[in-house]
Amino acid sequence: MNADQLPIGATPPLPKPEAAPTLRIRAVMLGERINPSGLEIGTLVSSTPAAFRVHGGLAVIFRYGVVVLIGLLPSEEKVLIDGLKSRVTGELSPYEEETAQAQLCHDENAEAIQPGGPICLSKFSDERLLLIADALAKSTSLARDERRVAAVFDVIEPFARELAEKGRTSRPRKGILQLIGNALLVQQRVAGRVAVAEKPDALWEKPQLDRLYARLEDEYELKERLDTLERKLTVVAETADALTDIIDTQRSLRLEIAVVVLIVIEVAIGCFQIYTGVH
């Protein structure tokens, strides 16, 4: 029924506002590393990080194991991820992933991030999308590292409690070495692998987008999470040193016992020879 057919005195219905265009953004950590060298999956948009225009969307590949897929259908995402598997080192199972939504707000001054809501952008420019990809990729990698460090803490805690309560540990030398190995492995994987504190390259070319990136950092709490992770890594390093000292002490004790036993045996042999008159 059009407006001419409405009853007299009736108010014509207001047109429904059009929904703002949105983009689905998905960050997936496939493994420890991804090698993007020589990759040709679409039109190159950026070389650092490697970003390609694929099926009208963007695929951004970070060397530390994360790929960010922007504006792609689930079926297109699966094909792209399957194609990258041969370039992944240390593939994860299951994958670590995070999602976000970007929404068009048509006003640069209105660019904002609602808590738990969409990321409002004045336009879907490559530079803006690369900034979102950078922040989301770092957040995804941090989530994985936080899980690793938490797993090491779960192992260290009962060990520390045993030392505090009994003053010694019942763990064999092999168990202590495994604890040290886990601690060092987490340190090696986490420390320096993802430059969370560094600004993305896109900001060097578009410094006016610095405010948008600062909002992204705040939304995903990148600096705060990095500081917390570094403090935990310091504890892990100190624990590894303490465990090493325990092993060294145990080894020294065994050597001292062995020396004492040899001395006792030598004295006993000497006494026996004197008693029996054997020279």
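**Notebook: first look**

I began with burial: 37% of the 279 residues in the protein chain are buried (under 20% relative accessible area; over 50% is exposed, in between is partly exposed, with a 1.4 Å probe and protein chains only). This is a predicted model, so I kept in mind that local features need pLDDT of at least 70 and side-chain atom pairs count only at pLDDT 80 or more, while totals for chains, interfaces and linings use all residues. Residues are numbered from 1 along each chain as its sequence is written, and side-chain values use heavy atoms, with hydrogens and water left out.

**Overall layout**

I found 6 helices and 7 strands in the protein chain; these are DSSP runs numbered from the N terminus, helices being H or I of at least four residues and strands E of at least two. Along the sequence I read the pattern β-β-β-β-β-α-β-β-α-α-α-α-α. I also looked up contacts (heavy atoms within 4.5 Å). Of those with a separation of 6 or more, 68% join residues 24 or more positions apart.

I traced 7 strands in an open sheet with mixed pairing, in the order 2-3-4-5-1-6-7; two strands pair if DSSP finds at least two bridges between them. Strand 2 (43-47) and strand 7 (119-121) are the edges, each pairing on one side only. Neighbouring strands are turned by 25° against each other on average, direction ignored; the axes are lines fitted to C-alpha atoms, for helices over the stretch in contact, and angles run from 0 to 180 degrees between N-to-C directions.

Leu 58 has Ile 70 in strand 5 as its bridge partner.

**Pockets**

My pocket search used a 1 Å grid over the protein atoms alone: a pocket is an open set of points where a 1.4 Å probe fits, with protein on both sides within 12 Å along at least five of seven lines, and lining residues have an atom within 4 Å of a point. The largest pocket holds about 400 Å³ of space. Of its 18 lining residues, Thr 48, Pro 49, Phe 62, Tyr 64 and Asp 134 are the closest to its centre. Strand 4 and helix 2 (126-166) each supply at least two residues of this lining.

The second largest pocket has a volume of about 200 Å³. I counted 13 residues in its lining, with Ser 46, Leu 130, Asp 201, Ala 202 and Glu 205 nearest its centre. Strand 2, helix 2 and helix 4 (202-205) each give two or more, and helix 2 has the largest share, 4 residues.

**Two residues in helix 2**

Is Asp 134 buried or exposed? Asp 134 sits in helix 2 and is buried, because its relative accessible area is 8%. Setting aside residues up to four places away in sequence, I saw that Asp 134 touches Phe 62, Tyr 64, Pro 200 and Tyr 213.

Ser 139 is in helix 2 too, and counts as buried because its relative accessibility is 1%. Beyond its neighbours within four places in sequence, Ser 139 contacts Glu 98, Tyr 220, Leu 222 and Arg 225.

Technical notes: Grid points are joined across faces, edges and corners, and a volume is the space filled by probe spheres set on the points.
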